[in-house]
Amino acid sequence: MENKDVIFGINGPVVTVKASRSFSMMEMVLVGNERLVGEIIGINSDFTTIQVYEETTGLKPGEPVVGTGSPMNVTLGPGILDNIFDGIERPLKAIAEESGSFINRGSSVPSLDTEKLWDVTVTAKVGDILSGGDFYAECPETPIIRHKCMVPPALSGEVVSVAKDGQYRVNDAIIVLRDKKGVEHKLSLCQRWPIRTPRPVTKRLSPTVPLITGQRVIDTLFPIAKGGTAAIPGGFGTGKTMTQHQLAKWCDADIIIYVGCGERGNEMSQVLDEFSELIDPKSGRPMTDRTTLIANTSNMPVAAREASIYTGITLAEYYRDMGYHVAIMADSTSRWAEALREISGRLEEMPAEEGFPAYLPSRLSEFYERAGMVDNLNGTDGSVTIIGAVSPQGSDFSEPVTQNTKRFIRCFWALDKALAYARHYPAINWTSSYSEYFTDLDPWYKKNAGEDFVKYRKEINRLLQEENQLMEIVKLIGSDVLPDDQKLVIETARVIRVGFLQQNAFHADDTFVPLEKQKRMMQVILHLYQKAHQLVAAAVPISSILETGLFDKLVKMKYDIPNNRLDMFDEYLKEIDEKVAGVLNS
Amino acid sequence: MILDYIGVKEINGSLIVLDGVKDATYEEIVTIRLENGALRQGRVVQIEGDRVVVQVFQGTRGISLDNTRTRLMGRPMELPLSPEILGRVFDGAGRPIDGLGDIFPVKRANINGTPMNPVSRVYPKNYINTGISSIDVLMTLIRGQKLPIFSGSGMNHNELAVQIARQAKIKDATGDNFAIVFAAMGVKNDVAEYFKQSFDESGVLSKVVMFLNLANDPIIERTLTPRCALTAAEYLAFELDMHVLVIMTDMTSYAEALREFSSSKGEIPGRKGYPGYLYSDLASLYERAGMVKGKNGSVTQIPILTMPNDDVTHPVPDLTGYITEGQIVLDRALAGSGIYPPVSVLPSLSRLMKDGIGAGYTREDHSALANQLFAAYAHVIDSRSLASVIGEEELSPTDKKYMEFGKQFESAFLNQGPNENRTIEESLDLGWKLLTTLPREELDRVDDAILDKYYEKAKGAVVSAAPGTEESSQ
């Protein structure tokens, strides 16, 4: 196609073309002689505005701008897992091999390895009538994930030819589908999808199954559902990234998409290192087998940072459509919001709060609404869970990104500076955090973890709340003046805080704790509380109860009881009974 | 073809606007010849057709609408590099100012650098021994890290930076592959002199590259200074295999220069008038720290910034904290009570230390000890605030022990001389010795094996030395 559109103006990542009628809104374009990737973000009769996903240094007016005819899209197919991409799905490993340690511009490496052969099993037969979302072939993408190729959502028709089972590259034709109009479509192992459009589903289901994370404070106090949304806000140094890493490592989703959006480069290399060494206890395979990283570090182009969130969620939806449970970690959505602000500023749009554009809430809601437990087009069930970190400026939760995020998420894990300063991790504050999924998930917990679990949780919560009130008094007049039953609440709450809520990510057993152990831990703590309460009621001074050393012992039980020796809890219960009886008799 | 454009259309702050320019490229360098023959440099910051906005580094004073000749150089801002830059002093835009003549360049590099591919990064794990207890034990500096010092005017951050630079030891670094790049942005001449003199006294001046943009130097050049310094650092690290420590002071002045430039360009401001892209801009500097696969060198950054009004939520420290891998925060109250270095322990942090310490790096008990010291000191702060309400006498016996621990921790552990160089073992042992002030059951961050080995040993040493210490305290 002959193209006469040329660059007119350049301002940072924003490039304008004068008086052109050949582009459509959100179309992907190639800018300049180096063919930098860009996207049309504004059109009027005088100017077409483009945001460019790469550095614009060295561009000149008069260089060509070429449209691609399609919106900004990503390639979906085998090879996504165990890979690392930038914000617009360019493979960073392949780019490193091609151009070295530093990222140069205009690199045109295809997203997926086009030479790699996949062991394809074709499941469709000639004469099958397939519609959008139906499977026609599958291949083992990694040893634990089978990649299922689906008919693109808008397409349907009759299979007129199929390839034999065997080894194919991603772009090889596998089946040919003839639609109603008689047009034949060759389907390969991959398809393309525009990143800003949610992939269609048959029906959205209500979330009823929790995403088990092995983190006690989350699983018991603030659980999240599969298909749910959560935000982790916290100032710098409160452990947002550590919490995200822990969740990515241990949550029971089938697939993890980790989006490093405008964050540190060294953190991404840490994730790469750690995840390839870490063995998933469920599958016995490295974590990377189920993980995709999208790394758009803070020094990479800002427009691509804006796109990285959408790229991530599109990949997540693609695997959801295969019937997998996907969790996407976005670290951090504040950087994404800042990218929006930066581009909005370059477009000289009227700013709303703190310079953020007025459409910030609608963009955030569009993103979080792409989460959900759904009935897919092909009849399978899948889910996308979104866990977004928020980095509030000055640790002030009243800033626009935190406030607007709060409206669209149902789980709020507020990280607390004071806890982080005392190195209490995860620093999730139990008074300001919340989860709205309790009522949805309680039936599941009652059925799978037992009625007790829900009961214990309520009791633990009550003790923490009571301690919180007592601490107000203690801060004013010291703890000595409290009556013994209130001192007992404070002591028990200390065990809950230090022995239960605080969790050591670097301890082999404590980094992931199965639900059953969480329940037994609560049981033992509450058992001690009840027994001690009886003693206090019998006017035994609290100091003699503390002298038994039981409280200190329970604080360390998370380390002392291995995850595979849950029978040891019975010994703990017995020891509590014996020692309490001993105190009573003396 | 090189053309001179005569006259300018518009002058606004540090920006000039030219009309009818052909073939301008974005971010290219221009030279401007004034009527009196003086030369200035500038950079293209915006293009709209044949209308070009140029930012003049040295300011627009003396530029008139006519009689100004502007020449487009056709290339972005580049820094001439060669091994000879070691020991040299440059101005904020990379021109030699030590009177030793121009650099004979081996290569020229774009000062904006290119982003490092995350895949090619080496995750930093080797610790740097600074000889300062608080830093080594509680916020260990790791090679390839960016660890800023958050300070305030009037505190001795410069002394601390010099001490780190002087004492920093890397395990396998020999004397000749260690270099310091020093970037001064908007600091007083005295401060620059102090650094220069300190480097001289410790005999490393021949290993130092200095970029000086002092308080009275052109403000727009200040936005180039850290970029020049980091370009030099990357060259030394990744082409000459050196371990480079980059000290950048003061990042607040840098951000203010950026704000000035942004507002003269008429951009929409974000918080406190700083441009909306301050985060991305700071990141483009800080992210240039690190190590690369296949190269032996490393770039470690210690940026220094003064928090206006000691406010850590001010945009500059706030955004810096989000980018850097931790921070060393200095505290005015500690500084006031004569403690050097006045490191405020609780808000300080090193994100990379968890993988660079412990058995094989420092010592097996390091991580547990650090956690326990943090937790205990947090308790000290609580006890103190309680004591300020009810009086120290009324505290529980445990809280009293914490008060005692807090006192000793500050006076013996944090406090050390500006020339005192403690080994990591000394610092760790000192930490255990202080913890013996507290009863064993208070130490809930450490497991029993470590306690048996280190806590009991330290306790034994303290008990046997006890009579002597009591005498000396009386």
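Here is a short chat about strands, salt bridges and surface patches in this predicted model.

Colleague: Before we start, what are the ground rules?
Modeller: It's a predicted model, so local features need pLDDT of at least 70 and side-chain atom pairs count only at pLDDT 80 or more, while totals for chains, interfaces and linings use all residues. Residues are numbered from 1 along each chain as its sequence is written, chains are lettered from A and ligands numbered from 1 in the order written, and side-chain values use heavy atoms, with hydrogens and water left out.

Colleague: What is the strand order of the open sheet of 8 strands in chain B?
Modeller: Strands here are DSSP runs (E, at least two residues; helices are H or I, at least four), numbered from the N terminus, and two strands pair if DSSP finds at least two bridges between them. Strand E9 (89–91) and strand E20 (349–350) of chain B each have a single partner strand, so they stand at the edges. The pairing is mixed, and the order reads E9-E16-E15-E17-E18-E13-E19-E20.

Colleague: How many residues of strand E15 of chain B are buried?
Modeller: E15(B) runs parallel to strand E17 (residues 243–249) of chain B, with 7 bridges, and Ile180(B) has Leu245(B) as its bridge partner there. E15(B) also pairs in the parallel sense with strand E16 (residues 208–214) of chain B over 7 bridges, where Val181(B) partners Val209(B). Buried means under 20% relative accessible area, exposed over 50%, partly exposed in between (1.4 Å probe, protein chains only). By that cut-off strand E15 (residues 178–187) is largely enclosed by the rest of the structure, because the buried count is 10 of the 10.

Colleague: Switching to charges, what is the N to O distance between Glu274(A) and Lys249(A)?
Modeller: They form a salt bridge, meaning a side-chain nitrogen of Lys or Arg within 4 Å of a carboxyl oxygen of Asp or Glu. Glu274(A) sits in helix H4 (residues 265–277) and Lys249(A) in helix H3 (residues 240–250) of chain A, 25 residues apart, so the pair links distant parts of the chain. Glu274(A) is buried at 19% relative accessibility, as is Lys249(A) at 10%. The closest N and O atoms are apart by 2.9 Å.

Colleague: Is Asp289(A) buried or exposed?
Modeller: Its side chain meets that of Arg285(A) in a salt bridge (2.7 Å, N to O). Arg285(A) is partly exposed, at 32%. With a relative accessibility of 5%, Asp289(A) counts as buried.

Colleague: About how many helical turns separate Arg494(A) and Glu491(A)?
Modeller: Their side chains form a salt bridge (3.7 Å, N to O). Because they are 3 residues apart in helix H12 (residues 484–501) of chain A, the separation is about one helical turn.

Colleague: How many salt bridges does the structure hold over all chains?
Modeller: Some share partners, joining Glu263(A), Arg264(A), Glu267(A), Arg335(A) and Glu338(A) into one network. Over all chains, the total is 61.

Colleague: Where is Glu393(B)?
Modeller: Glu393(B) is exposed, at 65% relative accessibility. Its place is the loop between helix H11 (366–390) and helix H12 (397–414) of chain B.
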